[in-house]
Amino acid sequence: HLLEAAPVTTLALARQILRREGLRGFYRGGLVGALGRTVEAIVQFCIYERLKRSRTVLWLSGSPLGLGLQYCLLSVAARLCSSTLTYPHLVVQTYLREVHPKTGAHPYSGILATTRAIARTEGLRGFYYGLVPHWVRVLPHTGVTFFVYEYLVSVLGYHT
């Protein structure tokens with residue numbers, strides 16, 4: 001029974017992965033993750049810069065703090081869009097890392113095969129399981145990061 005099993009440590013899991021799969025096991029799903037995060041960042045910054053340039057009303061203008069808050073909201077909107085568009089890569093990455101509990105085998109291999117399997121068994125909705133918790137995790141971080149960056153740029157006079 002799972003609840004009666006001894007707790008597993010991170011070190012024990014790392015040893016198990018190393019023993020079963022070698023160093024390669026630590027990077028399972030890494031390619032799709034790297035590509036997905038790269039595309040997500042590109043999309044986010046494109047949307048963010050477009051929003052910054054196209055805003056017509058500076059509803060919080062007049063002070064560096066007001067501009068920082070405005071940029072915070074714009075960055076959250078940009079991240080919301082980019083993470084929604086690119087979220088399926090995280091689902092595919094998670095599936096690639098999945099291990100069968102009894103055999104220890106990976107039921108999914110390859111990005112395209114895994115993508116097809118998700119589409120076939122779960123449909124489009126399957127690519128978006130866990131999106132809302134993802135937003136809860138990344139949106140506050142994004143807002144704070146861009147707020148601090150834009151506020152400092154404004155205070156230091158680096159804005160063009």
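## A charge over a ring

Lys52 lies over the face of Tyr71, at 5.2 Å from the ring centre. A charge counts as sitting over a ring if NZ of Lys or CZ of Arg is within 6 Å of the ring centre and within 35 degrees of the ring normal.

The model is predicted: local features need pLDDT of at least 70, side-chain atom pairs count only at pLDDT 80 or more, and totals for chains, interfaces and linings use all residues. Residues are numbered from 1 along each chain as its sequence is written, and side-chain values use heavy atoms, with hydrogens and water left out.

## Helix 6

Helix 6 covers residues 131–156; helices are DSSP runs of H or I with at least four residues, numbered from the N terminus. Its 26 residues should span 38 Å at 1.5 Å a residue, and because the end C-alpha atoms are 37 Å apart, the two values agree. The expected span is 1.5 Å times one less than the number of residues.

A kink of about 25 degrees lies at Val138, shortly before the proline Pro140. This bend is the angle between axes fitted to the seven residues ending there and the seven starting there. Just after helix 6, Gly157 takes a positive phi of about 80 degrees.

## Nonpolar cores

A nonpolar core is a set of buried Ala, Val, Leu, Ile, Met, Phe, Trp, Tyr and Cys residues joined through side-chain atoms within 4.5 Å. Buried means under 20% relative accessible area, exposed over 50%, and partly exposed in between (1.4 Å probe, protein chains only). The largest core has ten residues, including Val32, Tyr87, Ile118 and Leu131. Helix 4 (residues 88–97) supplies the largest share of this core, five residues. Apart from it lies another core of six residues, among them Tyr71, Leu74, Ala78 and Phe146.

## Aromatic pairs

The structure holds four aromatic pairs. Rings of Phe, Tyr and Trp (its six-membered ring) pair if their centres lie within 6.5 Å; planes under 30 degrees apart count as stacked, over 60 as edge-to-face and the rest as tilted. Phe45 and Phe146 form a tilted pair, 5.5 Å centre to centre with 40 degrees between the planes. This pair links distant parts of the chain, with Phe45 in helix 2 (residues 30–54) and Phe146 in helix 6, 101 residues apart. Phe45 counts as partly exposed because its relative accessibility is 42%, whereas Phe146, at 9%, counts as buried.

Tyr95 and Tyr108 form an edge-to-face pair, 5.1 Å centre to centre with 65 degrees between the planes. Tyr95 has 14% relative accessibility and therefore counts as buried.

Note on methods. Helices (H or I, at least four residues) and strands (E, at least two) are DSSP runs, numbered from the N terminus.
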